[in-house]
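Hello,

Here is the structure I said I would pass on. My notes on it follow below.

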Amino acid sequence: MKKRIAVFASGTGTNFVAIAKACADGRIPAEVALMVCDKPGAAVIDRAREFGVACFVFAPKSYASKADYEAEIVKLLDDRKIDLVCLAGYMRIVGETLLKAYEGKIINIHPSLLPSFKGAHAVEDAVAYGVKVYGITIHWVNADLDGGRIIAQRAFPYEGSDPAEVHRIGQRIEHELYVETINKLLCEL
C-alpha cells in the first residue's frame with residue numbers, strides 16, 4: 001500500500017507542486033492525501049485542487065487556541081492515515097498538540113544551512129551578514145524553532161546581495177532535495 005503524505009503550506013505552494021508531481025510520476029512512492037493551509041486565499045489551495053488533493057484551510061484566529069485547531073488537524077491526519085507530514089512554507093510554529101500526535105513524523109524545509117539563520121527571515125539575515133555560501137536544510141520538527149535534527153542539507157555559493165536571487169536559486173534546490181529526502185524517508189518507514 002502506498003504511503004500517505006500531508007503537506008502544510010501557507011503561500012504559493014511551489015514545494016507542494018514539486019512533491020505532488022513527484023508522487024504523480026512515481027519518483028516518490030506515495031500519495032499526497034491532504035494539504036493543510038492556514039491562509040484562506042493562498043495560491044497553494046488552487047494548486048492542491050489542480051492535483052485533486054483534499055484541502056483543509058483554516059483561519060487560526062477563528063479558533064480559541066492553537067491546541068483547538070491542531071486537534072482538528074490531528075483528527076484529519078489520523079482519518080487519512082498519514083505517514084509523513086511535510087512542512088513546505090508553512091509559516092506557523094507547530095505546537096504541542098500536533099508534535100505529540102505526530103512525533104518523529106514531521107519534517108520541514110528551511111532556506112539556510114541550519115543551525116545558522118533560523119526563523120522566517122533566514123535568507124535576508126544571511127545576506128545582511130554577508131555570507132558567501134547559502135543552503136537548504138531539511139530537518140525533523142521539534143519544539144525548538146528550526147531546531148530539530150538535520151536530515152539533509154545542500155549548499156550553494158552566491159556572491160551577490162539580492163535576497164530575491166538567493167530565494168530563486170534556493171527554490172530550485174529545495175524542489176530537488178525535498179523530493180529526494182521524502183523518498184528516502186518513506187523507504188525507511
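**Cores and a helix pair**

Leaving aside neighbours within four places in sequence, Ile19 is in contact (heavy atoms within 4.5 Å) with Val7, Ile28, Val32, Cys86, Tyr178, Val179 and Ile182. This is a predicted model, in which local features need pLDDT of at least 70 and side-chain atom pairs count only at pLDDT 80 or more, while totals for chains, interfaces and linings use all residues. Residues are numbered from 1 along each chain as its sequence is written, and side-chain values use heavy atoms, with hydrogens and water left out.

Ile19 is one of the residues with the most contacts inside the largest nonpolar core, which has 44 residues. Such a core is a set of buried Ala, Val, Leu, Ile, Met, Phe, Trp, Tyr and Cys residues joined through side-chain atoms within 4.5 Å; buried means under 20% relative accessible area (1.4 Å probe, protein chains only). Another core, of 22 residues, lies apart from it and includes Phe56 and Tyr102.

Thr14, Phe16 and Val17 in H1 meet Val44, Arg47 and Ala48 in H2.

Asn108 is found in strand S5 (residues 106–110). Asn108 is buried, with a relative accessible area of 9%. Beyond its neighbours within four places in sequence, Asn108 is in contact with residues including Leu87, His139, Asp146 and Tyr178.

Regards

Note on methods: Buried < 20%, exposed > 50% of the residue type's maximum accessible area, 1.4 Å probe, protein only. Helix = DSSP H or I, 4+ residues; strand = E, 2+ residues; numbered from the N terminus.
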